[in-house]
Amino acid sequence: MIIDGNSLTYRAFFALPPEMATSKGQTTNAVYGFGAMLVNLIKDQNPEKIVVAFDRREKTFRHKKYAAYKANRE
């Protein structure tokens, strides 16, 4: 199973309330949601192996090929 880590994290961040935070105020909704979705994928799909890929910070070949890549993301 290959997972788009950025996509899953982005979905988790906006799907869960921002009030999910540590006692110091750091939001944890993306981390919690990512973990919960990953556990559900493992349970539902029972993959033999898993790879999670994350985008690099700097722009990649995707931005050159498609100008609107991630254009709507904050």
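Okay, let's start with E58: this residue is partly exposed, as its relative accessible area is 40%. For that wording, buried means under 20% relative accessible area, exposed over 50%, and partly exposed in between, with a 1.4 Å probe and protein chains only. Before I go on, this is a predicted model, so local features need pLDDT of at least 70, side-chain atom pairs count only at pLDDT 80 or more, and totals for chains, interfaces and linings use all residues. Residues are numbered from 1 along each chain as its sequence is written, and side-chain values use heavy atoms, with hydrogens and water left out.

Back to E58. Which residue does the side chain of E58 meet in a salt bridge? That's R56, at 2.5 Å from N to O. A salt bridge here is a side-chain nitrogen of Lys or Arg within 4 Å of a carboxyl oxygen of Asp or Glu, and the structure holds one. R56 itself counts as exposed, at 60% relative accessibility.

Next, the aromatics. The whole structure has three aromatic pairs. One of them is F13 with F14, edge-to-face, with 4.8 Å between the centres and 85° between the planes. The rule for rings of Phe, Tyr and Trp (its six-membered ring) is that they pair if their centres lie within 6.5 Å; planes under 30 degrees apart are stacked, over 60 edge-to-face, and the rest tilted.

Is N29 buried or exposed? Buried, with a relative accessible area of 1%. N29 sits in helix α2, residues 29-45; helices (H or I, at least four residues) and strands (E, at least two) are DSSP runs, numbered from the N terminus. A polar atom of the N29 side chain lies 2.9 Å from the backbone oxygen of F13. Leaving aside residues up to four places away in sequence, N29 touches A12, F13, L16, P17, P18 and M20, where contact means heavy atoms within 4.5 Å.

Staying in helix α2, have a look at L41. L41 is partly exposed, with a relative accessible area of 30%. With the sequence neighbours up to four places away left out, L41 touches M1, I3, N46 and P47. From L41 to T60 is 19 residues in sequence and 28 Å in space, C-alpha to C-alpha.

I42 is in helix α2 as well, and I42 is partly exposed at 37%. Together with M1 and I50, I42 forms a nonpolar patch on the surface, with about 210 Å² of accessible area. Patches are made of residues with over 30% relative accessible area and no salt bridge, joining like charges within 9 Å and nonpolar side chains (Val, Leu, Ile, Met, Phe, Trp, Tyr) within 5 Å. The areas come from the Shrake-Rupley method with a 1.4 Å probe, and for residues only the protein chains shown count as cover.

Now N46, one of the contacts of L41. N46 lies in the loop between α2 and β2 (51-53). What is the phi of N46? It's positive, about 50°, although N46 is not a glycine. N46 is also exposed, at 64% relative accessibility.

Last stop, N72, in the segment after α3 (61-65). N72 counts as exposed at 75%. N72 and F54 are 18 residues apart along the chain, and their C-alpha atoms are separated by 18 Å.

Definitions and conventions: Polar contact = N/O pair within 3.5 Å; in protein donor to acceptor, adjacent residues only side chain to side chain.
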